[in-house]
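Dear colleague,

I am handing over the structure below, and my notes on what was found in it follow after it. Please read them with the structure open beside you.

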Amino acid sequence: MKLDSECVRGAWDCDPPTGALSVPIYQSATFRHPGLGESTGFDYSRAMNPTRTVLEKTIALLEHGKYGLAFATGMGAISTLIKIFSPGEKPVHIIVSEDLYGGTYRLFNGYYNRYGFSFSWVDTSSLAQVEDALRPETRALLIETPSNPMMKITDIRGCAALIHRRGGLLMVDNTFLSPYFQNPLDLGADFVLHSGSKYLAGHNDTLAGFIVHSHDHYDPVLREAQKSEGASLSPFDSWLTLRGIKTLALRMEKHQAGAKLVAPWLRRHPKVERVFYTGFADHPQADVAARQCRGHNGMISFYVKEKRYVEQVLKRVRFILFAESLGGVESLITYPLVQTHGAIPEAMRLSAGLNDKLLRLSVGIENPEDIIADLAQALA
Ligand SMILES: Cc1ncc(COP(=O)(O)O)c(C=O)c1O
């Protein structure tokens, strides 16, 4: 099946007894046992639920993995994946992209560093910097590519080679491109992570998170953690995400087409200092993008020339919504400094280029003329 067909059909044909095309929402906490020691395969929805199972198989199919696990949020997925390591047994050092979602920074530096994990934050778009950060106790490399919010691109194949040489694992947060434009497992990654709340579900109406991988050894470990910690995705949210994925191909094409018009318009605007967009031909890692991605998303970050324009834009936008998140059908504008990346310490933020003049735009699937008209009046 072709990729756009896979998005529509997923891992589902129809409900055999009724012929229903839509996956039933098995809104049941528990399942009747046929007899002592017997099970239908489903016992309790925290551990396994039939609607969630279809979604887990669908995301595995789209990401070319053997196994998929669905969580209540993207953070739930990241937190669970980190638990494959036990610092009590041997030291765990993880190298992480310095320019990534602020919530991941908060989770690692605010929580996991208390439990014996250590992290190094590096610009992973430079393989030399990744290599320099490797230590004997480095067990994993976690990258976001494109990065959030500076849109840097990290060479997934190059990172896989570096970390595998040390016996470590490569984890890739693929939220920004979705499996429609990038499949990290095909490029050597061990694990793919997603905030399904973004492009996958796509409608700004639900939260979800995923881990996809092909490691037989780790699958029972991850399922046990999912069941024990209970951050598993609910049946209704599983259904909403399944429904969102059906139109992923159409939406990603529309996000891409919209951003391709909005980004150069912003670049020409006299009050805009610099625009960060992976689709520019002169993007510093355009060659890497051409090797590993099939397209570009709807994400654009930009510096306004003066800080006062930030407040002006956020106050004046009407069509574009000033809200935290990305990847949904509605265009959203975010101020990373105080919203998505507020948890990152100032020095680290500034070294990554995340300053008080940076705005992040998630181009939705509306008509780009309306998005540009709104930006024009907001920046006037
Ligand atoms: C790249 C990326 N990864 C992970 C997350 C966390 O996902 P969630 O908000 O679903 O917990 C986000 C949230 O913005 C994100 O942008």
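Before the strands are discussed, one definition is needed: two strands are said to pair if DSSP finds at least two bridges between them. Please also keep in mind throughout that this is a predicted model.

Five strands make up an open sheet with mixed pairing, and their order across it is β8-β9-β12-β11-β10. The edges are formed by β8 (272-276) and β10 (321-322), each of which pairs on one side only. Between β8 and β9 (residues 299-304), which run antiparallel, there are four bridges, and in β9 the bridge partner of Arg-274 is Tyr-303. Helix α12 (residues 308-316) packs on this sheet, where it touches β9, β10, β11 (332-334) and β12 (358-362), and its direction makes about 130° with that of β9.

Turning to the chain as a whole, the domain assignment gives domain 1 (3-246) and domain 2 (248-379), and the C-alpha centres of the two lie 25 Å apart. Across the boundary, 36 residues of domain 1 are in contact with 35 residues of domain 2. On the side of domain 1 that touches domain 2, α1 (3-9), α4 (102-110), α6 (156-165) and α7 (178-181) each supply at least two residues, with the largest share, four residues, coming from α4. By class, the residues on that side of domain 1 divide into 19 nonpolar, nine polar and eight charged.

Helix α2 (residues 50-62) and helix α9 (residues 235-246) have axes that come within 8 Å and cross at roughly 35°, and the crossing of α2 and α9 is left-handed. On the α2 side the contact is made by Thr-51, Arg-52, Val-54, Leu-55 and Thr-58, while α9 contributes Pro-235, Ser-238, Trp-239, Thr-241, Leu-242 and Ile-245. Sorted by class, this contact of α2 with α9 has six nonpolar, four polar and one charged residues.

Finally, which residues come nearest to the ligand? Of the 15 residues around the ligand, they are Thr-73, Gly-74, Tyr-101, Ser-195 and Ser-197. The shell around the ligand, taken by class, has four nonpolar, nine polar and two charged residues.

With best wishes

Note on methods. Residues are numbered from 1 along each chain as its sequence is written. This is a predicted model: local features need pLDDT of at least 70, side-chain atom pairs count only at pLDDT 80 or more; totals for chains, interfaces and linings use all residues. A residue is near a molecule or strand if its C-beta atom, placed from the backbone, lies within 6 Å of it. Ala, Val, Leu, Ile, Met, Phe, Trp, Tyr, Cys and Pro count as nonpolar, Asp, Glu, Lys and Arg as charged, and the others, Gly among them, as polar. Two residues are in contact if their C-beta atoms, placed from the backbone, lie within 7 Å. Axes are lines fitted to C-alpha atoms, for helices over the stretch in contact, and angles run from 0 to 180 degrees between N-to-C directions. Domain bounds come from an automatic or database domain assignment. A crossing is left-handed if the near helix is turned anticlockwise from the far one by less than a right angle, and right-handed if clockwise.
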